[in-house]
Amino acid sequence: MCRFLIFKGKEPIKLSHLLTRPAHSIINQSFDSRLRLDRRRPMNGDGFGVAYYPTDQELFPDGPCLFKAITPAWNNQNLETLAEKTKSSLVFAHVRASTYGVLAETNCHPFTYHNICFMHNGGIASFDKIKRKLINHIDDTYLNVLQGSTDSECAFALFLDTLHKMGYDPSLKSGDFGHEALREALLKTIKYIKDWTKAVTTEPSLLNFAVTDGSSVVVSRYITSKTDEAASLHFSSGSRFVETSPGEYRMERLDRKQDVVMVASEPLTFERGDWTAVPTNSVLTIKKQTILLHPIIDEYYQEDPLYLRNSALAEDKGLMGTVPLAKSVEKNVPPLEREGRTRQSIATVATHWI
């Protein structure tokens with residue numbers, strides 16, 4: 001399935017430091033995912049996309065720049081050239097392995113509407129059975145935003161419609177709605193999908209959504225299950241994301257400032273201390289450069305932060321990457337033992353809710 005990456009920094013970064021140069025960049029993850037617990041679905045070759053907000057403030061109100069292609073991300077020379085020549089302080093990148101929708105640029109993430117950018121890792125269960133209900137719920141303005149045929153883009157249209165019905169205008173070029181509004185709209189979007197799918201299937205939906213208005217960023221790690229683990233999600237923060245040798249990167253921490261914040265389906269480095277797993281069924285918010293973590297408290301919430309969810313479903317769908325256990329991946333560690341260590345780090349984070 002899919003992988004995504006978010007970068008938000010005080011200073012712009014060259015896209016190649018995120019997309020192409022790191023040994024475990026999101027592009028390399030699409031064909032060589034050494035941190036993925038399940039290796040049966042190793043390829044993400046159904047296209048890619050990158051959205052980046054321009055550093056030129058004169059261009060910023062017109063929304064992010066967007067580059068998509070249906071070729072495999074690791075074999076696109078235009079992306080290679082673009083990444084070496086472009087800088088941005090807010091980047092959304094996505095590599096796709098399709099579940100719904102044909103191979104087409106319109107089905108590649110991220111999706112944009114004016115200043116809002118959205119992407120998804122996972123899938124809506126029995127989407128064919130709730131699609132009509134979802135579409136009937138959305139006002140024509142946001143229904144007409146749809147260009148492709150994926151469940152993910154429909155979720156984006158639902159988010160825009162929800163934001164509008166909360167009293168905000170998604171078409172505003174200023175685009176700064178505030179992190180509370182984005183988070184509330186995303187949680188309502190998740191609830192709609194959860195309630196509709198629950199009525200027609202017992203299969204869990206995997207809803208790792210990411211959205212930004214060009215200022216705040218909100219990301220969910222969520223599954224409609226009380227016992228299963230959601231698709232993997234990690235974050236990292238520090239002073240700088242630096243290249244220590246060709247292809248080798250680490251998150252530098254010179255002080256307690258979070259000048260750089262990154263969120264990724266799989267870590268971009270093999271340094272164990274660089275990344276923290278986001279707890280299942282929670283939402284991460286980047287407010288300026290501050291990271292906030294909130295639990296999603298509903299019928300699938302687990303009060304015990306040490307509860308061990310079952311990762312078999314996410315692994316079977318190729319959606320479970322792990323935090324590295326050392327500078328290099330411990331390839332000889334059995335998957336279950338490796339998973340257990342990862343869960344310990346998840347439980348540690350889960351005890352520190354905002």
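**Helices and the sheet beside them**

Modeller: Happy to! H4 and H6 cross in a left-handed way, a term that applies when the near helix is turned anticlockwise from the far one by less than a right angle, with right-handed used if it is turned clockwise. The names come from DSSP runs numbered from the N terminus: helices are H or I runs of at least four residues, and strands are E runs of at least two. Please keep in mind that this is a predicted model, in which local features need pLDDT of at least 70 and side-chain atom pairs count only at pLDDT 80 or more, while totals for chains, interfaces and linings use all residues. Residues are numbered from 1 along each chain as its sequence is written, and side-chain values use heavy atoms, leaving out hydrogens and water.

Back to that pair. From H4, the contact (heavy atoms within 4.5 Å) uses Phe 127, Leu 134 and His 137, and from H6 it uses Asp 151, Cys 154, Leu 158, Asp 161 and Lys 165. By class, this contact of H4 with H6 has four nonpolar, one polar and three charged residues. In this scheme Ala, Val, Leu, Ile, Met, Phe, Trp, Tyr, Cys and Pro are nonpolar, Asp, Glu, Lys and Arg are charged, and the others, Gly among them, are polar.

Now bring in H7. Helix H6 (residues 151-165) packs against helix H7 (residues 179-198) at about 125°, and their axes are 9 Å apart. That angle makes H6 oblique to H7, and H6 passes H7 in a right-handed crossing. On the H6 side, Ala 155, Leu 158, Phe 159, Thr 162 and Leu 163 take part; they meet a set of H7 residues including Ala 181, Leu 186, Tyr 192 and Trp 196. Sorted by class, the contact of H6 with H7 comes to eleven nonpolar, two polar and one charged residues.

H7 also packs with helix H4 (residues 127-137), at an angle of about 145° with the axes 10 Å apart. This crossing of H4 and H7 is right-handed. Here Ile 130, Lys 133, Leu 134 and His 137 of H4 meet Tyr 192, Trp 196 and Thr 197 of H7. The contact of H4 with H7 divides into four nonpolar, two polar and one charged residues.

Lys 191 and Asp 195 sit four residues apart in H7, about one turn of the helix.

What do the helices lie on? H6 lies across E5, E6 and E7, running at about 135° to E6. H7 lies across E6, E7, strand E8 (217-221), strand E14 (282-287) and E15, at about 155° to E7. Six strands make an open antiparallel sheet in the order E5-E6-E7-E8-E14-E15, where two strands pair if DSSP finds at least two bridges between them. Strand E5 (111-113) and strand E15 (290-295) each have a single partner strand, so they stand at the edges, with one side of each left without a neighbour in the sheet. On average, neighbouring strands are turned by 15° against each other, direction ignored.

Two pairings are worth a look on your screen. Strand E6 (residues 116-123) and strand E7 (residues 206-212) run antiparallel and are joined by seven bridges, with Gly 123 opposite Leu 206 in E7. E14 and E15 pair in the antiparallel sense over six bridges, and Ser 282 stands opposite Pro 295 in E15. Their hairpin has two residues between the strands, and Lys 288 takes a positive phi near 55° there.

How values were computed: Axes are lines fitted to C-alpha atoms, for helices over the stretch in contact, and angles run from 0 to 180 degrees between N-to-C directions. Angles under 35 degrees count as roughly parallel, over 145 as roughly antiparallel, 65 to 115 as roughly perpendicular and the rest as oblique.
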